[in-house]
Amino acid sequence: MKDKRISETHIKLFFFVLLLAVLGGIHLILPDFYETVWDLSTSGNMDGTIEYLRSFGVWAIVISMIIDIVINIVGFLPSIFISTANGVVFGIGMGTAVSWIAETIGVIISFFFMRTLFRNKAKQVIEKSRMLSKMDEYSTLKAMIIARAVPYSPNGLVTALGALSHIKYRDYIIGCLIGKLPSVAVEVVVGHDVVMMEDHSLRLTILIVLIVIVYGGLWYWNRRRKAQKVLTQVQEDMKDEKGRL
C-alpha cells in the first residue's frame, strides 16, 4: 500500500514538472504570449484576438488550443473570447472541435492539480460542512455532464466543485467530454454569429430562441421530476404512518 502511494506521488510529481516545463517552453518560444493572452481575455478585444490567431498562419489552431488550455487551467479567466475567435477564424465546425478538445483538456488538467493539492483538506471540509456534504451527493457522471452542458457556465467553479467532491477521475473526464460538446458548440455558434451579425442575424435569432426552449424545457422537466419525487416520498410516508396506526 505504501509503495502504491509512493508511485502515485511520483506520477503526480512527474506530470506537475512536465506541465511547468511545457508552460516554460511556451514562454521561451513566445515571450509575450502570456501577457497577450491576459490582455485579450480581460479586455475582450475580439478583433485583436482574431488578428493574433491569424498572425500564426498554419500554426493558428495549435496556438488557439494552447490559449484555451491555459485559460481553463487557470480557471478564472473567461474563455468565451477564444471560442468566438475560433468560430470566426476556423469556421463553426472546426472552431467547435478545437474549442471542445482544448477546453476539455484544460479542465481535466485543472481538476487533476486541484485534487492533488487540496484533496485531503477538501475531505475534511466536506465532512464538517452539511451543505458541502449535501452537494457531494451530486458528484456523479450525470451531474457533471449536466454542469458542463450549460453554456457560459464558470469553468473554474465547476472544476473546483468537482475536485472537492468524491467524483471519480473516469466519471469526471467522461462527463466533461460529453457535457462540453453542446455548451462549446452553442458558445462558438452564438459568438460567431454575433461578430458576423450582418450575415447571420436570422440564424442567431433562431438559435437563441431554440436555446431558451431547450434549456428552459430541461430545467422545467428537472423541477417537475424532483417535485414528483418529493410528492411520492410524502405519499409513502403517509401510508407508512397510517399502517402504524
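Which residues have the most contacts inside the largest nonpolar core? The legends below take up this question after an overview of the chain.

**Figure 1. Overview of the predicted model, a chain with 11 helices and 0 strands.** This is a predicted model, in which local features need pLDDT of at least 70 and side-chain atom pairs count only at pLDDT 80 or more, while totals for chains, interfaces and linings use all residues. Residues are numbered from 1 along each chain as its sequence is written, and side-chain values use heavy atoms, with hydrogens and water left out. Helices (H or I, at least four residues) and strands (E, at least two) are DSSP runs, numbered from the N terminus. Of the 245 residues, 36% count as buried, where buried means under 20% relative accessible area, exposed over 50%, and partly exposed in between (1.4 Å probe, protein chains only). Among the contacts with a separation of 6 or more, 75% come from residues 24 or more positions apart, a contact being heavy atoms within 4.5 Å.

**Figure 2. The largest nonpolar core, which has 18 residues.** The residues with the most contacts inside this core are Phe33, Tyr52, Leu53, Ile63, Ile67, Ile71 and Phe81. Helix 2 (33–43), helix 3 (46–54), helix 4 (60–74) and helix 5 (80–90) each supply at least two of its residues. A nonpolar core is here a set of buried Ala, Val, Leu, Ile, Met, Phe, Trp, Tyr and Cys residues joined through side-chain atoms within 4.5 Å. When residues up to four places away in sequence are not counted, Phe33 touches Ile26, Tyr52, Ile63, Ile66 and Ile67.

**Figure 3. Helix 3 and the helices against which its buried residues pack.** Met46, Gly48, Thr49, Ile50, Tyr52 and Leu53 are the buried residues of helix 3, and they pack against helix 2, helix 4, helix 5 and helix 10. At the start of this helix, a side-chain oxygen of Asn45 comes to within 3.4 Å of the backbone nitrogen of Asp47.

**Figure 4. Helix 5, largely enclosed by the rest of the structure.** Helix 5 is described in this way because 9 of its 11 residues are buried, namely Phe81, Ile82, Ser83, Thr84, Ala85, Asn86, Gly87, Val88 and Phe90. Just after the helix, Gly91 takes a positive phi of about 95 degrees.

**Figure 5. The 2 salt bridges of the structure.** A salt bridge is a side-chain nitrogen of Lys or Arg within 4 Å of a carboxyl oxygen of Asp or Glu. One joins the side chains of Lys180 and Glu103 at 2.7 Å, N to O. Lys180 lies in helix 10 (residues 169–195) and Glu103 in helix 6 (residues 92–128), so this pair ties together parts that are 77 residues apart in sequence; both residues are buried. Arg170 forms a salt bridge with Asp171, with the closest N and O atoms 3.5 Å apart. Arg170 counts as exposed, at 53% relative accessibility, whereas Asp171 is buried, with a relative accessible area of 15%.

**Figure 6. A nonpolar surface patch of about 460 Å².** The patch is made by Ile11, Phe14, Phe15, Leu18 and Val22. Patches are made of residues with over 30% relative accessible area and no salt bridge, with like charges joined within 9 Å and nonpolar side chains (Val, Leu, Ile, Met, Phe, Trp, Tyr) within 5 Å; accessible areas come from the Shrake-Rupley method with a 1.4 Å probe, and for residues only the protein chains shown count as cover. Leu18 has its place in helix 1 (residues 2–29) and, at 39% relative accessibility, counts as partly exposed.

Notes: A polar contact is a pair of N or O atoms within 3.5 Å; within protein, one must be able to donate a hydrogen and the other to accept it, and residues adjacent in sequence count only if both atoms are side-chain atoms.
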